[in-house]
Amino acid sequence: MSDVGELITRVHRAEWARLVASLAGRFGDLDIAEEMAAEAFATAVERWPVDGVPPVPGAWLTTTAHRKAIDRLRREVRREEKHREALMLSAAAEPLGAIDDDRLRLVFTCCHPALAMEVRIALTLRMVGGLTVPEIARAFLVQETAMSRRITRAKAKIKAARIPYGVPLREDLPARVTGVLAVLYLIFNEGYLASDPGKEAVRADLTAEAIRLTRLVRALMPADGEVAGLLALMLLTEARRAARVSASGELVTLAEQDRGAWDRELIAEGHALVRARLASGQAPGRYQILAAINAVHTDARDVRDTDWSQVVALYNRLVRLDPSPIVRLNRAIAVAELDGPEVALAEVDGLPLEGYHAFHATRADLLRRLGRSEESRAAYDRAIGLAGNTAETAYLVRRRDQLAGA
Amino acid sequence: MAQYLISVLHDTTDLATAEEMAAIDAFNTQLQADGHWVFAGGLAAPGTATVVDGRHAEPVFTDGPYVESKEHVIGFWIIDAPHLDLALRLAALGSRHCNRRVELRPFLG
């Protein structure tokens, strides 16, 4: 790819959400916002290699997209009405809540409770995260056409039902923020462990965007423990990102990571948030407990210094809140460190997670530690067959091939 | 302002109790006072419906509702609201007052 092509890719990552959000704010229509943003980028691909890259690419894109949107509205048959509608909606888009940030309004609109959860995630990834429809479809393991229809229907509902483009009123916020946090966490996870085998293993643009948006939500609701918990969880996870994939593109597990490569600043910020939540004395929710678990991990200078009894105690609290098989699988991994692989394997074996690669990877590791090589190899094979992330697959293949008797 | 239809969903043959009727009246008065009221009404049972097909030379009248289902619409409100969030809040109040589930649907703008 040419230098200009690479630059356009970078600008796309940096500017997409801002551009869509500003168009949505101005024209009150997510369809127009998305299409005109895409057209502006298409024009950039044509013009920039010929005319040179404009000094402020973001401003150029905004101007171009706004002009295209106005041209399109003029061409519409119901031009007068559309014009009036656009003006009215942009007036109605005055901030309802405490924070005036276009992207945060876009997040709350995409995460509206009148939309199904899977639709909220898809819309947020498309409109705010800037992922393409095929990327989202792969992340959800559905057909591209089905995902495209889902997004189109959601945008039609937003328009016809008049889902407001804005941060909800303060009294509606607590109920609405839970869904927003779930969506932001899923976006972060898609960035941290991309599910697509054709993509880079870690998508720093998505994790960065998820953190940025969570910071905005936290500024809006500073007293909400779960918002703080999710931010801390993301920061403590993001801090380990650089150490997580080797130079050869292989996943590096927590135990094997170079702890010197962890981002101390992010860890300090995450720890401060966790301490502040503990000091509040309020019962922690799911994100706060997960953040506390990550605080214990990032506290240890060496994996041997990890306070596993505290990790297991925290998982016990989490299981009481959410006794799902995935939580119990993660608890068992900590139990293996505290009580040995045999105890952990007994807990893992009963879990109904046949279709989940991490279940087989965990079993493979526990069986390996128990010297049961043949069973371990079979479990690695199952995990490799189910894993989608390139770095994870590379790691699993190496571990399998290192088994005794290979 | 946009208009929304709040349909009241019903799955038994029971009529509203006196208590429910009083609550609905209070809610209606509140809607009128706040400027959201357009129209509302209760419907007779689906068994009283007649399907009419007037697309041909002779109209055809058929006894019964056009679709048989366990649930049916027993009444409705048409409200004025600036956006979905307010309409949802009114629909939630309507559901509580009439003690039944409701469906909220926008009119075509």
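Predicted model: local features only at pLDDT ≥ 70, side-chain atom pairs only at ≥ 80, totals over all residues.

Me: What makes S95(B) count as partly exposed?

Reply: Its relative accessibility is 22%. Buried means under 20% and exposed means over 50%, so S95(B), at 22%, falls in between and is called partly exposed.

Me: How do you know that the side chain of S95(B) has a polar atom lying close enough to the backbone oxygen of R100(B) for a polar contact?

Reply: Those two atoms lie 2.8 Å apart. The cut-off is 3.5 Å for a pair of N or O atoms, so the 2.8 Å between S95(B) and R100(B) is within that distance.

Me: And what does helix α2 of chain B lie across?

Reply: Helix α2 (residues 84–98) lies across β1, β5 and β6 of chain B, and runs at about 155° to β6(B). Those strands belong to an open sheet of four, ordered β2-β5-β1-β6 (chain B), with antiparallel pairing.

Me: Why are β2 and β6 of chain B called edge strands?

Reply: Because each of them, β2 (37–42) and β6 (102–106) of chain B, pairs on one side only.

Me: How do you know that β1 and β6 of chain B pair?

Reply: Pairing takes at least two bridges. Strand β1 (residues 2–10) of chain B and β6(B) have five, in the antiparallel sense, so they pair. As for S7(B), its bridge partner in β6(B) is E103(B).

Key:
Residues numbered from 1 in each chain as written. Chains lettered and ligands numbered in written order. Heavy atoms only, no water. Helix = DSSP H or I, 4+ residues; strand = E, 2+ residues; numbered from the N terminus. Contact = heavy atoms within 4.5 Å. Axes fitted to C-alpha atoms, helices over the stretch in contact; angles between N-to-C directions. Buried < 20%, exposed > 50% of the residue type's maximum accessible area, 1.4 Å probe, protein only. Polar contact = N/O pair within 3.5 Å; in protein donor to acceptor, adjacent residues only side chain to side chain.
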